[in-house]
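Subject: Structure handover, with notes on helix packing and the ligand site

Hello,

Here is the structure we spoke about. My notes follow below it.

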Amino acid sequence: MQQLSEVHRNRIHALFHSGPLIPVITIEHPDQVLPLCQALVDGGIRALEITLRTEYGLPAIERLRATMPEIWVGAGTVVTRAQYREVESAGAQFVVSPGVTEPLLDFGLTSSVPLLPGIATVSELMLGYSMGYREFKFFPASVAGGPDALQAFAGPFPDVSFCPTGGIRPDTAADYLALDNVLGVGGTWLTPSDAIAAGDWRAISKLTRDSLVSLGRLT
Ligand code: 3PG
């Protein structure tokens with residue numbers, strides 16, 4: 001069986017080395033892409049995930065790669081190989097899936113773009129583990145057991161790390177980041193829909209900066 005390459009693993013670690021918070025962004029209007037992402041970058045974000053939950057996701061990835069080369073742009077909610085191919089072509093630098101299927105995990109081994117597969121249980125983790133994956137998204141984190149579950153996973157899988165997402169808020173992010181097997185956390189709390197609808201980009205920069213400061217990752 002083919003195994004995951006070190007190159008992919010190093011890319012995932014480099015991604016989280018750039019910062020501990022990954023905003024999970026669903027684009028509702030194409031005009032919002034650049035100001036929203038610029039606001040996050042102004043607040044200190046260096047990596048973000050654009051989901052394929054709307055038709056604007058794919059073109060947004062392409063646009064961000066062309067205009068903001070200084071940040072990591074990932075594709076989220078990738079659930080099929082066809083979508084994986086599309087985000088590869090759009091220039092995504094990492095791919096996130098909410099769960100795992102064998103075809104998707106297989107595709108991630110041969111793609112030039114590393115996959116962060118989503119798992120919620122030990123059995124799903126073991127499927128990815130058997131193919132060489134050692135870094136996973138833990139989703140939906142708050143209902144799948146929260147920090148306690150990740151602490152429990154560290155027993156049988158001390159060489160596995162996670163990016164929890166789903167239900168994480170400013171007051172719970174620190175509990176996850178305090179764990180040795182957490183690389184970073186993701187979520188939507190940095191991009192409140194009312195601030196986006198109002199075009200209040202300053203509020204988003206401030207929220208981002210405040211979150212990073214309160215986590216001790218920015219002074
Ligand atoms: C994800 O896909 O990671 C979730 O949609 C995050 O959303 P939440 O932070 O609003 O729970």
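A crossing is called left-handed if the near helix is turned anticlockwise from the far one by less than a right angle, and right-handed if clockwise. Helices (H or I, at least four residues) and strands (E, at least two) are DSSP runs, numbered from the N terminus.

This is a predicted model, in which local features need pLDDT of at least 70 and side-chain atom pairs count only at pLDDT 80 or more, while totals for chains, interfaces and linings use all residues. Residues are numbered from 1 along each chain as its sequence is written, and side-chain values use heavy atoms, with hydrogens and water left out.

Helix packing

The crossing of H2 and H3 is right-handed. The axes of H2 (residues 33-42) and H3 come within 10 Å and cross at roughly 55 degrees (axes are lines fitted to C-alpha atoms, for helices over the stretch in contact, and angles run from 0 to 180 degrees between N-to-C directions). That angle makes H2 oblique to H3 (under 35 degrees counts as roughly parallel, over 145 as roughly antiparallel, 65 to 115 as roughly perpendicular and the rest as oblique). Val33, Leu34 and Cys37 of H2 make the contact with Ala60, Arg63, Leu64 and Thr67 of H3, where contact means heavy atoms within 4.5 Å. By class, this contact has five nonpolar, one polar and one charged residues (Ala, Val, Leu, Ile, Met, Phe, Trp, Tyr, Cys and Pro count as nonpolar, Asp, Glu, Lys and Arg as charged, and the others, Gly among them, as polar).

H3 (residues 57-67) also packs with H4 (residues 81-90), at an angle of about 25 degrees and with the axes 8 Å apart. H3 and H4 are therefore roughly parallel to each other, and their crossing is right-handed. Leu58, Ile61, Glu62 and Arg65 of H3 meet Glu86, Val87 and Ala90 of H4; these residues divide into four nonpolar, no polar and three charged.

H2 also passes H10 in a right-handed crossing. The axes of H2 and H10 (residues 201-214) come within 7 Å and cross at roughly 35 degrees.

Ligand site

Which residues surround the ligand? They are Val24, Arg53, Lys137, Phe139, Thr165, Gly166, Gly167, Arg169, Gly187 and Thr188, a residue being near if one of its heavy atoms lies within 4 Å. A polar side-chain atom of Lys137 lies 2.9 Å from a ligand oxygen atom. For side-chain N or O atoms, the distance to an oxygen atom of the ligand is 2.6 Å at Thr165 and 2.4 Å at Thr188.

Regards

Terms used:
Polar contact = N/O pair within 3.5 Å; in protein donor to acceptor, adjacent residues only side chain to side chain.
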